[in-house]
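This briefing covers pockets, helix packing, backbone angles and selected residues. Please keep the sequence and the coordinates open while reading.

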Amino acid sequence: MSDSNDKLALVTGASRGIGKAIALELGRRDFIIAGTATTQAGAEGVSALLAEEGVAGRGYRADVGSSQSVEELMQALLDGPGAPAVLVNNAGITRDNLLLRMKEDEWNEVININLNSMFRLARACLKPMTRARWGRIINISSVVGSSGNPGQSNYCASKAGIEGFTRSLAREIGSRGITVNAVAPGFIKTDMTGALPENQAREMLKQIPLQRLGRAEEVAAVVRFLASDGGAYITGETVHVNGGMYLA
Ligand code: NAP
């Protein structure tokens, strides 16, 4: 089934985890994929993976924490496959620490890579989306942006910020046929959660009614729906994919 008419989907952080699953899922729905990684080797890995899976597109090196790198990425796209019709702001990091011990660098790095990146990438994609009068912006948030989590004040602030940004931009550009939504995963099995101490992981599992970690593919399926024609009347929303871990 095709949702895409061969539109270009830019997925940041497509080398691993949730971003990789999103790139493959959108690729299987005939979107052309531009998937980023922070290194050249990572970008080549994305290209190789897409080719292996029969998905059109390639990898690009980009640091979403740098305005210059994002500008270079956008130029490379405009010189190549064209402007993205779908933007998936997925790249993100954690630098966990209790606030009393948190260094200013740990705060700033998380806010810059997780939140300021939204501003950089969305702004860069808006003009061509406005011209096309069609666009989908999907920002990957986190359940802890709603629930909070001790030791993650920087990360939770960045994710709550993403959701406010999403609602505001949705109101701003709805009239141009562009939807803006957030997807907030719960506890998903990736390198990011693999880094959690075992006792913390065990405690988190106890809070999940579905009693298991989520799979990256289960987040990708929701992103694919929001990017598809079926998701056309949803904007400004945060869709939770968390096994019931947080119920508002
Ligand atoms: P992950 O496995 O750690 O992968 C992170 C991805 O982001 C990698 O592709 C990485 O590229 C890229 N990245 C890191 N820093 C970057 C930068 N400065 N510029 C561009 N790309 C950068 O993470 P994940 O678990 O898949 O998480 C993906 C998103 O989901 C994040 O926004 C995260 O906050 C969110 N999330 C995850 C979970 C979870 O349980 N895993 C839960 C809620 C929300 P390299 O490979 O080159 O390093």
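Is proline 185 buried or exposed? Proline 185 is buried, because its relative accessible area is 4%, where buried means under 20% relative accessible area, exposed over 50% and partly exposed in between (1.4 Å probe, protein chains only). The model is predicted: local features need pLDDT of at least 70, side-chain atom pairs count only at pLDDT 80 or more, and totals for chains, interfaces and linings use all residues. Residues are numbered from 1 along each chain as its sequence is written, and side-chain values use heavy atoms, with hydrogens and water left out.

**Largest pocket**

- The largest pocket holds about 1,100 Å³ of space. A pocket here is an open set of points on a 1 Å grid over the protein atoms alone, where a 1.4 Å probe fits, with protein on both sides within 12 Å along at least five of seven lines. Grid points are joined across faces, edges and corners, and the volume is the space filled by probe spheres set on the points.
- The lining of the largest pocket comprises 50 residues, and those closest to the pocket centre are Gly92, Ile93, Thr94, Thr190 and Met192. A lining residue has an atom within 4 Å of a point.
- At least two lining residues come from each of helix H1 (17–28), strand S2 (32–37), helix H4 (104–132), helix H6 (153–173), helix H7 (191–194) and helix H8 (198–206). Helices (H or I, at least four residues) and strands (E, at least two) are DSSP runs, numbered from the N terminus.
- By residue class, the lining of the largest pocket has 22 nonpolar, 21 polar and seven charged residues. Ala, Val, Leu, Ile, Met, Phe, Trp, Tyr, Cys and Pro count as nonpolar, Asp, Glu, Lys and Arg as charged, and the others, Gly among them, as polar.

**Second largest pocket**

- The second largest pocket holds about 210 Å³.
- Its lining is formed by Ser67, Val70, Glu71, Met74, Leu78, Phe119, Arg120, Arg123, Ala124 and Pro128. Helix H3 (67–79) and H4 are the elements that give two or more residues to this lining.
- Six of the lining residues of the second largest pocket are nonpolar, one is polar and three are charged.

**Helix packing**

- Two packed helices are described by the angle between their axes and the distance between the axes. Axes are lines fitted to C-alpha atoms, for helices over the stretch in contact, and angles run from 0 to 180 degrees between N-to-C directions.
- The axes of H3 and H4 come within 10 Å and cross at roughly 30°. H3 is therefore roughly parallel to H4; angles under 35 degrees count as roughly parallel, over 145 as roughly antiparallel, 65 to 115 as roughly perpendicular and the rest as oblique.
- H4 also crosses H6, at roughly 15°, with the axes coming within 8 Å. H4 and H6 are therefore roughly parallel to each other.
- H1 packs against helix H9 (residues 216–227) at about 50°, with the axes 8 Å apart. H1 and H9 are therefore oblique to each other.
- The crossing is right-handed for H3 and H4, for H4 and H6, and for H1 and H9. A crossing is right-handed if the near helix is turned clockwise from the far one by less than a right angle, and left-handed if anticlockwise.

**Positive phi**

- Most residues other than glycine have a negative phi.
- Aspartate 30 is not a glycine, yet has a positive phi of about 75°. Aspartate 30 lies in the loop between H1 and S2, and counts as partly exposed because its relative accessibility is 36%.
- Glutamine 211, also not a glycine, has a positive phi of about 55°. Glutamine 211 belongs to the loop between H8 and H9, and counts as exposed because its relative accessibility is 66%.

**Selected residues and C-alpha distances**

- Proline 185 is part of strand S6 (residues 178–185). Its C-alpha atom is 8.2 Å from that of glycine 214, 29 residues apart along the chain.
- Leucine 247 is in the segment after strand S7 (238–241), and is exposed at a relative accessible area of 69%. Its C-alpha atom lies 9.7 Å from that of valine 143, 104 residues apart along the chain.
- Glutamate 104 is in helix H4, and is exposed at a relative accessible area of 62%. The C-alpha atoms of glutamate 104 and arginine 171, 67 residues apart along the chain, are separated by 33 Å.
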